[in-house]
Amino acid sequence: AALALAHAAAWLADDERGLTIETLGDAESGDADAREHRALSLSALARVRPELVLASHASVALNGLARHARDPERETARVAAVLGMGRLAVASALQNGAACLYAPKICPLLARALRDDGAYVRAASAFCLSRLCLASPDAVAPHLGAFVPALADVAAADKSKDARFHADRAIRAALRIEDEEDGLLFAQEALRAGGAAHAARARLSDVVLRRLKGLPALDPLDAADTGA
């Protein structure tokens, strides 16, 4: 039903679509089932037609997804919200690169989701960050401090195998780690005292960086795959 609604919303007039997105972003009214349905529908719209959302309704959609990402009862709603935010971030980064308008807002929101009590939420957030960092390292470069420390915590100690897996890949992409002779230069610069990601240095030792360097690189074509 959520996917069908997302496809239907794509055919609405722009003002009607805006009202629909505003309604779906309501994370307060109704019971847990109603909130979950709205979260799933808004996430589906963001993932199926991100270009339509970004064109006219980005702020409303992101605010709604951010509210759903704090749902107190339903982990499914929080996962959906995180995936929706991730898809919008990737779409914006692919369109605009370093000029991505939404990375400053979405990176901290995804970092917050990395500390969620739900393992699926943490895994979804790490997955989205891996795709975002892969899509445009330049878009996330000014914001490494907002999310790399949380990713490092997940990669080092999360109980979820999926969360650790995606956190590893997200760190590798964010810090531009490559399996080459000088493939750690960017990471070492970012992690040094005063660097953008210095807060993660305790977790990301040279030993850890060398392990990440040996991981298989993600295919850049995977960047647009954010769970749609």
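Q: Why is glutamate 181 counted as exposed?
A: In this predicted model, glutamate 181 has a relative accessibility of 84%. Exposed means over 50%, so glutamate 181 counts as exposed.

Q: Where is glutamate 181 found, and which residues form the negative surface patch?
A: Glutamate 181 is found in the loop between α11 (161–174) and α12 (185–191). The negative patch is formed by Glu178, Asp179, Glu180, Glu181 and Asp182.

Q: Is arginine 176 buried, partly exposed or exposed?
A: Its relative accessibility is 27%. Buried would need under 20% and exposed over 50%, so arginine 176 counts as partly exposed.

Q: Why is arginine 70 called partly exposed?
A: Arginine 70 has a relative accessible area of 45%. Arginine 70 sits in the loop between α5 (58–68) and α6 (75–96), and together with Arg67, Lys105 and Arg112 it makes up a surface patch of positive charge.

Q: How do you know that the chain agrees with a compact globule?
A: For 228 residues, a compact globule would have a radius of gyration near 17 Å, and the chain has 17 Å, so the two agree. Along its principal axes, the C-alpha trace spans about 55 × 35 × 30 Å. Buried residues account for 55% of the chain's 228 residues, and the secondary structure comes to 13 helices and zero strands.

Q: What makes arginine 17 and aspartate 14 a salt bridge?
A: Their closest N and O atoms are 3.2 Å apart. A salt bridge needs a side-chain nitrogen of Lys or Arg within 4 Å of a carboxyl oxygen of Asp or Glu, so the pair qualifies. Both residues lie in helix α2 (residues 14–24), three residues apart, about one turn of the helix.

Q: Which of these two partners is buried and which is partly exposed?
A: Arginine 17, at 7%, counts as buried, whereas aspartate 14, at 38%, counts as partly exposed. The cut-off for buried is under 20%.

Q: Why can the salt bridge of aspartate 116 with arginine 78 be said to tie parts of the chain together?
A: The closest N and O atoms of aspartate 116 and arginine 78 are 2.9 Å apart. Aspartate 116 lies in the loop between α7 (103–113) and α8 (119–135) and arginine 78 in helix α6, so the pair ties together parts that are 38 residues apart in sequence. Aspartate 116 has 14% relative accessibility and arginine 78 has 10%; buried means under 20%, so aspartate 116 counts as buried, and so does arginine 78.

Q: What does the salt bridge between aspartate 168 and arginine 211 link?
A: With closest N and O atoms 3.0 Å apart, the pair links distant parts of the chain: aspartate 168 is in helix α11 and arginine 211 in helix α13 (residues 206–213), 43 residues apart. Aspartate 168 is buried at 9%, while arginine 211 is partly exposed at 41%.

Notes: Residues numbered from 1 in each chain as written. Predicted model: local features only at pLDDT ≥ 70, side-chain atom pairs only at ≥ 80, totals over all residues. Heavy atoms only, no water. Patch = residues over 30% accessible without salt bridge, like charges linked within 9 Å, V, L, I, M, F, W, Y side chains within 5 Å. Areas by Shrake-Rupley, 256 points an atom, 1.4 Å probe, with all protein chains shown as cover. Lys, Arg positive; Asp, Glu negative; His and termini not counted. Charge placed at Lys NZ, Arg CZ, Asp CG, Glu CD. Helix = DSSP H or I, 4+ residues; strand = E, 2+ residues; numbered from the N terminus. Buried < 20%, exposed > 50% of the residue type's maximum accessible area, 1.4 Å probe, protein only. Rg over C-alpha atoms; globule rule 2.2 N^0.38 Å.
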